[in-house]
Amino acid sequence: KGVHAHTLMHWRSQIKASHGGQIEFIFCMESEEDPAYAAALDFRRECGDSAVITIVSCGLSFYCSQKIHNLLKAVTLVNKDSDYVLFLDDDAQMSSTILSDLVYTLETDAEVMIASGWPHDYFPPDLTMTPTFASFMLLGYRILSHLSMGTLYPTVLWGGCMLMRRSELMDPTIGVLEAWKASGYSDDMIVIGRARKFGRKIAIPPTAFLPSRIQQGYTLQQHVNYMRRQMFVCGTYHDTHDRLNNLFLLIVVSMVFVVFGCFNFQFLTIYSLGGILFALVSEPQTLLPSAFMHPHQCGMLQSSPVALYLAVLAAATLWVFAKLSCYRSAILVCEHVAGRPMMYSNTIGPIRFGVLLFLGVAAQCVVHSVAAAVAFCTNSIVWSGVRYYRKQGHVSAVYRTAQDGAPYTVEIERAKNEAYRSYTESGGVAQ
(Lines give C-alpha, C1' and ligand atoms only; values in the text may rest on other atoms or scores of the structure.)
Protein backbone atom coordinates (compact mmCIF):
# COMPACT_ATOMS: atom_id res chain seq x y z
CA LYS A 1 0.00 0.00 0.00
CA GLY A 2 1.37 3.37 -1.02
CA VAL A 3 4.82 4.22 -2.35
CA HIS A 4 7.97 5.46 -0.67
CA ALA A 5 11.37 6.76 -1.71
CA HIS A 6 12.81 3.30 -2.43
CA THR A 7 9.78 1.54 -3.91
CA LEU A 8 11.05 1.61 -7.49
CA MET A 9 14.51 0.43 -6.41
CA HIS A 10 12.93 -2.58 -4.68
CA TRP A 11 10.66 -3.35 -7.64
CA ARG A 12 13.60 -3.24 -10.04
CA SER A 13 15.58 -5.67 -7.86
CA GLN A 14 12.58 -8.03 -7.81
CA ILE A 15 12.03 -7.88 -11.58
CA LYS A 16 15.70 -8.56 -12.29
CA ALA A 17 15.76 -11.63 -10.06
CA SER A 18 15.88 -14.91 -11.97
CA HIS A 19 16.08 -18.61 -11.13
CA GLY A 20 16.75 -19.91 -14.64
CA GLY A 21 13.12 -20.53 -15.56
CA GLN A 22 10.05 -18.59 -16.59
CA ILE A 23 8.61 -16.12 -14.13
CA GLU A 24 5.58 -13.83 -13.94
CA PHE A 25 4.86 -10.99 -11.52
CA ILE A 26 1.53 -10.06 -9.93
CA PHE A 27 1.35 -6.68 -8.20
CA CYS A 28 -1.54 -6.46 -5.71
CA MET A 29 -3.13 -3.21 -4.49
CA GLU A 30 -6.31 -2.69 -2.52
CA SER A 31 -7.76 -0.17 -5.00
CA GLU A 32 -6.99 1.92 -8.05
CA GLU A 33 -6.94 4.99 -5.77
CA ASP A 34 -3.85 3.60 -4.05
CA PRO A 35 -0.82 5.64 -5.23
CA ALA A 36 0.99 2.33 -5.72
CA TYR A 37 -1.47 1.40 -8.49
CA ALA A 38 -0.47 4.31 -10.74
CA ALA A 39 3.19 3.76 -9.86
CA ALA A 40 2.90 0.09 -10.85
CA LEU A 41 1.35 1.01 -14.21
CA ASP A 42 4.24 3.39 -14.89
CA PHE A 43 6.73 0.72 -13.80
CA ARG A 44 5.21 -1.84 -16.16
CA ARG A 45 5.56 0.60 -19.05
CA GLU A 46 9.18 1.13 -18.02
CA CYS A 47 9.84 -2.63 -18.10
CA GLY A 48 8.21 -3.11 -21.50
CA ASP A 49 8.51 -6.67 -22.77
CA SER A 50 11.32 -7.59 -20.37
CA ALA A 51 8.87 -8.87 -17.71
CA VAL A 52 5.36 -10.31 -17.57
CA ILE A 53 3.53 -8.10 -15.06
CA THR A 54 -0.11 -8.26 -13.98
CA ILE A 55 -1.52 -5.48 -11.80
CA VAL A 56 -4.48 -6.34 -9.58
CA SER A 57 -6.99 -4.06 -7.87
CA CYS A 58 -8.14 -6.40 -5.11
CA GLY A 59 -10.81 -4.29 -3.41
CA LEU A 60 -11.24 -3.59 0.30
CA SER A 61 -11.41 -6.44 2.78
CA PHE A 62 -13.93 -6.56 5.63
CA TYR A 63 -13.58 -10.18 6.74
CA CYS A 64 -9.82 -10.83 6.91
CA SER A 65 -6.63 -8.77 6.86
CA GLN A 66 -6.12 -6.71 3.73
CA LYS A 67 -2.85 -8.50 3.01
CA ILE A 68 -4.45 -11.95 3.10
CA HIS A 69 -7.28 -10.70 0.88
CA ASN A 70 -4.72 -9.41 -1.64
CA LEU A 71 -2.82 -12.71 -1.58
CA LEU A 72 -5.98 -14.76 -2.09
CA LYS A 73 -6.93 -12.58 -5.04
CA ALA A 74 -3.48 -12.94 -6.59
CA VAL A 75 -3.43 -16.73 -6.18
CA THR A 76 -6.47 -17.01 -8.47
CA LEU A 77 -4.40 -15.37 -11.22
CA VAL A 78 -1.32 -17.55 -10.89
CA ASN A 79 -0.58 -19.51 -14.04
CA LYS A 80 -1.70 -23.12 -13.60
CA ASP A 81 1.57 -24.31 -15.14
CA SER A 82 3.61 -22.61 -12.42
CA ASP A 83 5.61 -24.85 -10.11
CA TYR A 84 6.23 -22.31 -7.35
CA VAL A 85 4.57 -19.23 -5.86
CA LEU A 86 6.64 -16.57 -4.10
CA PHE A 87 4.89 -14.11 -1.77
CA LEU A 88 7.08 -11.02 -1.54
CA ASP A 89 6.60 -7.66 0.19
CA ASP A 90 7.19 -4.59 -1.93
CA ASP A 91 9.90 -3.33 0.47
CA ALA A 92 12.05 -6.45 0.07
CA GLN A 93 15.19 -6.25 -2.06
CA MET A 94 15.45 -9.48 -4.04
CA SER A 95 18.34 -10.96 -6.03
CA SER A 96 18.85 -13.89 -8.39
CA THR A 97 21.07 -15.59 -5.80
CA ILE A 98 18.38 -15.52 -3.12
CA LEU A 99 15.61 -16.58 -5.49
CA SER A 100 17.69 -19.45 -6.88
CA ASP A 101 18.57 -20.64 -3.38
CA LEU A 102 14.92 -20.56 -2.32
CA VAL A 103 13.91 -22.65 -5.34
CA TYR A 104 16.85 -25.02 -4.86
CA THR A 105 15.80 -25.62 -1.25
CA LEU A 106 12.34 -26.80 -2.30
CA GLU A 107 13.70 -28.81 -5.22
CA THR A 108 16.18 -30.78 -3.13
CA ASP A 109 14.26 -31.38 0.12
CA ALA A 110 10.74 -32.77 -0.12
CA GLU A 111 10.22 -32.33 3.63
CA VAL A 112 10.49 -28.54 3.33
CA MET A 113 7.10 -26.90 2.84
CA ILE A 114 8.19 -23.25 2.83
CA ALA A 115 11.47 -21.60 1.90
CA SER A 116 11.70 -18.14 3.38
CA GLY A 117 14.03 -15.18 3.74
CA TRP A 118 14.70 -12.84 6.62
CA PRO A 119 14.65 -9.03 6.68
CA HIS A 120 17.84 -7.27 7.68
CA ASP A 121 17.51 -3.59 8.52
CA TYR A 122 20.54 -1.43 7.88
CA PHE A 123 21.74 2.15 8.11
CA PRO A 124 22.93 3.38 4.69
CA PRO A 125 26.56 4.47 4.18
CA ASP A 126 25.39 7.93 3.01
CA LEU A 127 23.73 8.61 6.38
CA THR A 128 24.03 12.34 7.10
CA MET A 129 22.81 12.31 10.71
CA THR A 130 22.79 10.01 13.72
CA PRO A 131 19.85 7.57 13.54
CA THR A 132 17.11 7.93 16.12
CA PHE A 133 17.19 5.82 19.27
CA ALA A 134 14.04 4.08 18.05
CA SER A 135 16.07 2.91 15.03
CA PHE A 136 18.44 1.07 17.36
CA MET A 137 15.44 -0.45 19.15
CA LEU A 138 14.25 -1.79 15.78
CA LEU A 139 17.74 -3.04 15.01
CA GLY A 140 17.89 -4.72 18.42
CA TYR A 141 14.60 -6.48 17.71
CA ARG A 142 15.92 -7.77 14.39
CA ILE A 143 19.18 -8.99 15.91
CA LEU A 144 17.33 -10.79 18.72
CA SER A 145 15.14 -12.44 16.11
CA HIS A 146 18.30 -13.60 14.31
CA LEU A 147 18.58 -16.19 17.09
CA SER A 148 16.11 -18.23 15.04
CA MET A 149 18.52 -18.12 12.09
CA GLY A 150 21.02 -20.36 13.88
CA THR A 151 19.73 -23.45 12.06
CA LEU A 152 18.78 -24.22 8.48
CA TYR A 153 15.32 -25.31 9.64
CA PRO A 154 13.99 -22.66 12.04
CA THR A 155 10.52 -22.73 13.58
CA VAL A 156 9.57 -19.27 12.29
CA LEU A 157 9.57 -17.44 8.98
CA TRP A 158 9.00 -13.97 7.54
CA GLY A 159 5.78 -13.28 5.67
CA GLY A 160 7.58 -10.78 3.46
CA CYS A 161 9.31 -13.62 1.59
CA MET A 162 7.65 -17.05 1.37
CA LEU A 163 8.18 -19.54 -1.44
CA MET A 164 5.84 -22.53 -1.71
CA ARG A 165 5.14 -25.24 -4.23
CA ARG A 166 1.96 -24.31 -6.04
CA SER A 167 0.59 -27.85 -5.65
CA GLU A 168 0.93 -27.67 -1.85
CA LEU A 169 -0.41 -24.14 -1.68
CA MET A 170 -3.56 -25.26 -3.47
CA ASP A 171 -3.86 -28.54 -1.54
CA PRO A 172 -7.01 -28.42 0.66
CA THR A 173 -5.57 -31.16 2.89
CA ILE A 174 -2.77 -28.85 4.00
CA GLY A 175 -5.30 -26.02 3.97
CA VAL A 176 -3.23 -22.85 3.69
CA LEU A 177 -5.77 -21.05 1.50
CA GLU A 178 -8.68 -22.43 3.52
CA ALA A 179 -7.14 -21.09 6.75
CA TRP A 180 -6.54 -17.69 5.15
CA LYS A 181 -10.15 -17.57 3.98
CA ALA A 182 -11.43 -18.40 7.48
CA SER A 183 -11.13 -14.74 8.54
CA GLY A 184 -7.36 -15.03 8.89
CA TYR A 185 -5.25 -12.13 10.10
CA SER A 186 -1.58 -13.14 9.81
CA ASP A 187 -0.54 -14.89 6.62
CA ASP A 188 2.83 -16.09 7.93
CA MET A 189 1.63 -17.31 11.34
CA ILE A 190 -1.04 -19.37 9.61
CA VAL A 191 1.52 -20.89 7.22
CA ILE A 192 3.80 -21.70 10.18
CA GLY A 193 0.87 -23.42 11.89
CA ARG A 194 0.07 -25.52 8.82
CA ALA A 195 3.70 -26.64 8.52
CA ARG A 196 3.89 -27.60 12.19
CA LYS A 197 0.61 -29.50 12.13
CA PHE A 198 1.72 -31.67 9.22
CA GLY A 199 5.28 -32.15 10.45
CA ARG A 200 6.81 -30.20 7.56
CA LYS A 201 9.97 -28.09 7.64
CA ILE A 202 10.59 -24.39 7.17
CA ALA A 203 13.94 -23.53 5.59
CA ILE A 204 15.85 -20.25 5.36
CA PRO A 205 18.93 -20.47 3.11
CA PRO A 206 22.06 -18.78 4.55
CA THR A 207 22.06 -16.25 1.70
CA ALA A 208 18.43 -15.22 2.19
CA PHE A 209 18.93 -11.95 4.05
CA LEU A 210 16.79 -9.32 2.35
CA PRO A 211 18.16 -5.85 3.16
CA SER A 212 15.70 -3.17 4.21
CA ARG A 213 16.82 0.41 4.71
CA ILE A 214 15.76 1.96 8.03
CA GLN A 215 13.89 5.13 7.24
CA GLN A 216 15.37 8.39 8.43
CA GLY A 217 13.52 9.88 11.38
CA TYR A 218 12.05 6.56 12.55
CA THR A 219 10.17 7.53 15.72
CA LEU A 220 9.40 5.81 19.01
CA GLN A 221 5.68 6.04 18.24
CA GLN A 222 6.22 4.20 14.96
CA HIS A 223 8.22 1.53 16.72
CA VAL A 224 5.69 1.02 19.50
CA ASN A 225 2.91 0.70 16.93
CA TYR A 226 5.03 -1.78 14.95
CA MET A 227 5.70 -3.90 18.03
CA ARG A 228 2.03 -3.88 18.98
CA ARG A 229 1.16 -5.25 15.53
CA GLN A 230 3.90 -7.88 15.84
CA MET A 231 2.58 -9.08 19.19
CA PHE A 232 -1.09 -8.89 18.16
CA VAL A 233 -0.56 -11.67 15.63
CA CYS A 234 0.41 -14.06 18.45
CA GLY A 235 -3.17 -13.83 19.68
CA THR A 236 -4.57 -14.94 16.32
CA TYR A 237 -4.82 -18.57 15.27
CA HIS A 238 -6.68 -20.96 12.99
CA ASP A 239 -7.17 -23.93 15.32
CA THR A 240 -6.24 -25.20 18.78
CA HIS A 241 -2.83 -26.39 17.57
CA ASP A 242 -1.95 -22.89 16.37
CA ARG A 243 -3.38 -21.32 19.50
CA LEU A 244 -1.09 -23.23 21.86
CA ASN A 245 2.03 -22.44 19.80
CA ASN A 246 1.15 -18.75 19.47
CA LEU A 247 0.36 -18.39 23.16
CA PHE A 248 3.75 -19.92 23.94
CA LEU A 249 5.40 -17.24 21.78
CA LEU A 250 3.33 -14.49 23.40
CA ILE A 251 3.69 -15.48 27.05
CA VAL A 252 6.90 -17.48 27.42
CA VAL A 253 9.11 -15.92 24.76
CA SER A 254 7.83 -12.33 24.55
CA MET A 255 7.15 -11.80 28.25
CA VAL A 256 9.15 -14.23 30.38
CA PHE A 257 12.31 -14.69 28.29
CA VAL A 258 12.63 -11.08 27.13
CA VAL A 259 12.00 -9.51 30.55
CA PHE A 260 13.68 -12.00 32.88
CA GLY A 261 16.41 -12.93 30.46
CA CYS A 262 17.49 -10.15 28.12
CA PHE A 263 16.34 -7.09 30.06
CA ASN A 264 17.69 -8.32 33.42
CA PHE A 265 21.12 -8.72 31.83
CA GLN A 266 21.00 -5.19 30.40
CA PHE A 267 19.90 -3.78 33.75
CA LEU A 268 22.56 -5.74 35.63
CA THR A 269 25.22 -4.42 33.27
CA ILE A 270 24.18 -0.80 33.80
CA TYR A 271 24.05 -1.41 37.58
CA SER A 272 27.54 -2.94 37.51
CA LEU A 273 28.91 0.00 35.56
CA GLY A 274 27.45 2.32 38.19
CA GLY A 275 29.06 0.20 40.92
CA ILE A 276 32.47 0.43 39.28
CA LEU A 277 32.19 4.21 38.93
CA PHE A 278 31.09 4.53 42.55
CA ALA A 279 34.04 2.43 43.71
CA LEU A 280 36.40 4.49 41.57
CA VAL A 281 35.25 7.69 43.28
CA SER A 282 34.72 6.54 46.87
CA GLU A 283 36.97 3.49 47.36
CA PRO A 284 39.56 3.33 44.55
CA GLN A 285 41.67 0.83 46.53
CA THR A 286 39.00 -1.83 45.94
CA LEU A 287 39.91 -1.78 42.25
CA LEU A 288 43.51 -2.80 42.89
CA PRO A 289 44.41 -6.43 42.00
CA SER A 290 45.58 -7.02 45.58
CA ALA A 291 42.07 -6.29 46.86
CA PHE A 292 40.74 -9.29 44.95
CA MET A 293 43.06 -11.62 46.89
CA HIS A 294 41.38 -11.01 50.24
CA PRO A 295 38.28 -13.07 51.11
CA HIS A 296 35.00 -11.27 50.60
CA GLN A 297 31.38 -12.27 50.85
CA CYS A 298 28.84 -10.79 48.39
CA GLY A 299 25.48 -12.34 49.14
CA MET A 300 25.86 -16.07 48.63
CA LEU A 301 29.03 -15.69 46.55
CA GLN A 302 32.57 -15.81 47.89
CA SER A 303 33.77 -12.79 45.95
CA SER A 304 34.09 -9.02 46.22
CA PRO A 305 31.33 -6.88 44.69
CA VAL A 306 33.86 -5.17 42.42
CA ALA A 307 34.99 -8.53 41.04
CA LEU A 308 31.38 -9.40 40.23
CA TYR A 309 30.88 -6.01 38.61
CA LEU A 310 33.90 -6.59 36.40
CA ALA A 311 32.71 -10.09 35.50
CA VAL A 312 29.32 -8.73 34.42
CA LEU A 313 30.97 -5.97 32.35
CA ALA A 314 33.25 -8.54 30.71
CA ALA A 315 30.21 -10.64 29.81
CA ALA A 316 28.45 -7.52 28.47
CA THR A 317 31.49 -6.68 26.33
CA LEU A 318 31.44 -10.16 24.84
CA TRP A 319 27.68 -9.83 24.27
CA VAL A 320 28.11 -6.55 22.39
CA PHE A 321 30.96 -8.03 20.35
CA ALA A 322 28.80 -11.04 19.46
CA LYS A 323 25.88 -8.87 18.40
CA LEU A 324 28.11 -6.60 16.33
CA SER A 325 29.64 -9.68 14.70
CA CYS A 326 26.16 -11.03 13.96
CA TYR A 327 25.10 -7.72 12.43
CA ARG A 328 28.32 -7.39 10.45
CA SER A 329 28.07 -10.96 9.16
CA ALA A 330 24.54 -10.32 7.86
CA ILE A 331 25.76 -7.12 6.18
CA LEU A 332 28.62 -8.99 4.50
CA VAL A 333 26.18 -11.64 3.25
CA CYS A 334 23.91 -8.95 1.79
CA GLU A 335 26.84 -7.21 0.10
CA HIS A 336 28.21 -10.50 -1.26
CA VAL A 337 24.83 -11.48 -2.69
CA ALA A 338 24.38 -8.02 -4.23
CA GLY A 339 27.96 -8.05 -5.55
CA ARG A 340 28.50 -4.53 -4.23
CA PRO A 341 30.99 -4.15 -1.35
CA MET A 342 30.21 -1.49 1.28
CA MET A 343 26.69 -1.05 -0.12
CA TYR A 344 25.03 -1.68 3.26
CA SER A 345 27.85 -0.68 5.64
CA ASN A 346 27.40 2.40 7.80
CA THR A 347 30.01 4.91 8.93
CA ILE A 348 29.08 4.96 12.63
CA GLY A 349 32.05 4.16 14.88
CA PRO A 350 31.98 0.61 16.29
CA ILE A 351 32.13 1.70 19.97
CA ARG A 352 29.36 4.25 19.54
CA PHE A 353 27.32 1.80 17.49
CA GLY A 354 27.81 -0.95 20.09
CA VAL A 355 26.75 1.24 23.03
CA LEU A 356 23.65 2.53 21.22
CA LEU A 357 22.75 -1.00 20.16
CA PHE A 358 23.16 -2.26 23.74
CA LEU A 359 20.88 0.47 25.10
CA GLY A 360 18.48 -0.04 22.19
CA VAL A 361 18.12 -3.72 23.03
CA ALA A 362 17.46 -2.85 26.69
CA ALA A 363 14.69 -0.43 25.73
CA GLN A 364 13.38 -2.88 23.12
CA CYS A 365 13.01 -5.58 25.78
CA VAL A 366 10.69 -3.29 27.75
CA VAL A 367 8.63 -2.27 24.72
CA HIS A 368 8.51 -5.87 23.51
CA SER A 369 7.12 -7.21 26.77
CA VAL A 370 4.67 -4.35 27.28
CA ALA A 371 3.39 -4.80 23.73
CA ALA A 372 2.97 -8.54 24.41
CA ALA A 373 1.03 -7.82 27.60
CA VAL A 374 -1.20 -5.31 25.80
CA ALA A 375 -1.82 -7.80 22.98
CA PHE A 376 -2.77 -10.42 25.56
CA CYS A 377 -5.37 -8.09 27.12
CA THR A 378 -6.83 -6.35 24.05
CA ASN A 379 -8.72 -7.60 21.00
CA SER A 380 -8.13 -4.89 18.39
CA ILE A 381 -5.28 -3.27 16.48
CA VAL A 382 -4.86 -0.53 13.87
CA TRP A 383 -2.91 -1.54 10.76
CA SER A 384 -2.48 0.97 7.91
CA GLY A 385 -5.35 3.05 9.24
CA VAL A 386 -7.72 0.07 9.47
CA ARG A 387 -8.94 -1.25 12.83
CA TYR A 388 -9.19 -5.04 13.10
CA TYR A 389 -11.07 -6.85 15.86
CA ARG A 390 -10.38 -10.47 16.70
CA LYS A 391 -12.47 -13.14 18.37
CA GLN A 392 -11.38 -16.72 19.01
CA GLY A 393 -8.26 -16.13 16.97
CA HIS A 394 -10.03 -14.87 13.84
CA VAL A 395 -10.91 -11.46 12.45
CA SER A 396 -14.38 -10.64 13.77
CA ALA A 397 -14.81 -7.10 12.41
CA VAL A 398 -12.97 -4.61 10.21
CA TYR A 399 -13.58 -0.87 10.55
CA ARG A 400 -12.41 1.69 8.02
CA THR A 401 -12.67 5.47 7.99
CA ALA A 402 -14.93 7.24 5.52
CA GLN A 403 -14.04 10.54 3.88
CA ASP A 404 -16.07 12.40 6.49
CA GLY A 405 -14.02 10.76 9.26
CA ALA A 406 -16.76 8.40 10.42
CA PRO A 407 -15.89 4.70 10.91
CA TYR A 408 -17.81 2.15 8.86
CA THR A 409 -17.81 -1.60 8.34
CA VAL A 410 -19.54 -4.42 6.45
CA GLU A 411 -21.11 -7.40 8.19
CA ILE A 412 -18.47 -10.11 8.14
CA GLU A 413 -20.51 -12.93 6.57
CA ARG A 414 -21.68 -10.65 3.80
CA ALA A 415 -18.12 -9.43 3.23
CA LYS A 416 -16.89 -13.02 3.16
CA ASN A 417 -19.49 -14.10 0.57
CA GLU A 418 -18.69 -11.12 -1.65
CA ALA A 419 -14.96 -11.84 -1.41
CA TYR A 420 -15.46 -15.53 -2.23
CA ARG A 421 -17.38 -14.56 -5.36
CA SER A 422 -14.62 -12.15 -6.38
CA TYR A 423 -12.00 -14.92 -6.06
CA THR A 424 -13.82 -16.87 -8.79
CA GLU A 425 -14.25 -13.90 -11.13
CA SER A 426 -11.41 -12.72 -13.34
CA GLY A 427 -13.01 -9.93 -15.33
CA GLY A 428 -12.21 -6.40 -14.33
CA VAL A 429 -9.81 -7.16 -11.50
CA ALA A 430 -6.47 -7.29 -13.30
CA GLN A 431 -4.66 -5.38 -16.00
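The structure holds two cavities of 30 Å³ or more; a cavity is a set of points on a 1 Å grid over the protein atoms alone where a 1.4 Å probe fits but cannot get out. This is a predicted model, where local features need pLDDT of at least 70, side-chain atom pairs count only at pLDDT 80 or more, and totals for chains, interfaces and linings use all residues. Residues are numbered from 1 along each chain as its sequence is written, and side-chain values use heavy atoms, leaving out hydrogens and water.

**Exercise 1.** Describe the largest cavity and its lining.

*Solution.* Start with the space: about 70 Å³, a volume being what probe spheres set on the points fill. Next, pick out the lining residues (an atom within 4 Å of a point); among them are F123, M129, P131, I214 and G217. Finally, sort by class: five are nonpolar, six polar and none charged.

**Exercise 2.** Now do that for the second largest cavity.

*Solution.* About 60 Å³ of space lies here. Of its 13 lining residues, I190, T236, Y237, H238 and G393 come closest to the centre. Then look at the elements: helix 8 (187-197) and helix 10 each give two or more residues, helices being DSSP runs of H or I with at least four residues. The classes come out as five nonpolar, seven polar and one charged.

Notes
On a 1 Å grid over the protein atoms alone, a cavity is a set of points where a 1.4 Å probe fits but cannot get out, and a pocket is an open set with protein on both sides within 12 Å along at least five of seven lines; lining residues have an atom within 4 Å of a point. Ala, Val, Leu, Ile, Met, Phe, Trp, Tyr, Cys and Pro count as nonpolar, Asp, Glu, Lys and Arg as charged, and the others, Gly among them, as polar.
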